[in-house]
Structures are given as C-alpha cells and as structure tokens.
Amino acid sequence: VVEDVKKFPGHIAFNSASRSAIVVPIIRNGEVIAVLGIDSERLNTLDSIDKEWLEKVAEIVLKSGH
C-alpha cells in the first residue's frame with residue numbers, strides 16, 4: 001500500500017493522476033508471473049482492507065491457472 005506515490009522511489013504510475021496505489025504480485029514457483037494493481041487519484045485512500053481483497057483476487061487468478 002503506497003499512500004503517496006510521489007514519495008515512493010521507482011513508482012510506475014498506472015495513470016498520471018495517481019496519488020495512492022496498491023500492487024500485489026502473483027507468484028508461481030517463486031517467480032512473479034503477474035501483478036495486480038489499483039490506484040486512486042486521492043492521497044491515502046487505499047488501506048489494508050483493500051489490500052486484503054486484492055490479495056484474494058490474486059489468489060483466485062493464480063488458482064485459475066492463467
């Protein structure tokens with residue numbers, strides 16, 4: 001969870017208006033095969049609940065085998 005992407009070194013914005021973001025890697029056999037990310041145009045609007053649900057989505061994607 002990144003509260004302010006402008007203060008995060010190396011951040012790659014999904015959108016130039018992004019201000020906060022969450023990125024969750026999808027890992028298979030120790031290798032990152034994809035990442036899921038969401039962003040917001042407002043500062044500090046994403047939290048641990050958003051992270052928890054995005055991680056659940058990542059698990060579903062991984063289990064689907066795609």
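Predicted model: local features only at pLDDT ≥ 70, side-chain atom pairs only at ≥ 80, totals over all residues.
Residues are numbered from 1 along each chain as its sequence is written, and side-chain values use heavy atoms, with hydrogens and water left out.

**Nonpolar patch**
- Val 23 is found in strand β1, where strands are DSSP runs of E with at least two residues and helices are runs of H or I with at least four, numbered from the N terminus.
- Together with Phe 14, Ile 27, Val 32 and Val 35, Val 23 makes a nonpolar surface patch of about 460 Å².
- Such a patch takes residues with over 30% relative accessible area and no salt bridge, joining nonpolar side chains (Val, Leu, Ile, Met, Phe, Trp, Tyr) within 5 Å and like charges within 9 Å; a salt bridge is a side-chain nitrogen of Lys or Arg within 4 Å of a carboxyl oxygen of Asp or Glu.
- At least two residues of the patch come from each of β1 (20-28) and β2 (31-40).

**Ser 40 in β2**
- Ser 40 lies in strand β2 and, with a relative accessible area of 13%, is buried.
- A polar atom of the Ser 40 side chain lies 3.1 Å from the backbone nitrogen of Arg 42.
- Leaving aside residues up to four places away in sequence, Ser 40 touches Ala 17, Ser 18, Arg 19, Ser 20, Thr 45 and Leu 46, contact meaning heavy atoms within 4.5 Å.

**Positive phi in the loops**
- Most residues other than glycine have a negative phi.
- Asn 29, in the loop between β1 and β2, has a positive phi of about 55° although it is not a glycine, and at 79% relative accessibility Asn 29 counts as exposed.
- Asn 44, placed in the loop between β2 and α1 (48-64), likewise has a positive phi, near 50°, and is partly exposed at 47%.

**Helix α1 and its ends**
- At the start of α1, a side-chain oxygen of Asp 47 reaches to within 3.0 Å of the backbone nitrogen of Ile 49.
- The 17 residues of α1 should span 24 Å at 1.5 Å a residue, which agrees with the 24 Å between its end C-alpha atoms, the expected span being 1.5 Å times one less than the number of residues.

Note on methods
Areas by Shrake-Rupley, 256 points an atom, 1.4 Å probe, with all protein chains shown as cover. Buried < 20%, exposed > 50% of the residue type's maximum accessible area, 1.4 Å probe, protein only. Polar contact = N/O pair within 3.5 Å; in protein donor to acceptor, adjacent residues only side chain to side chain.
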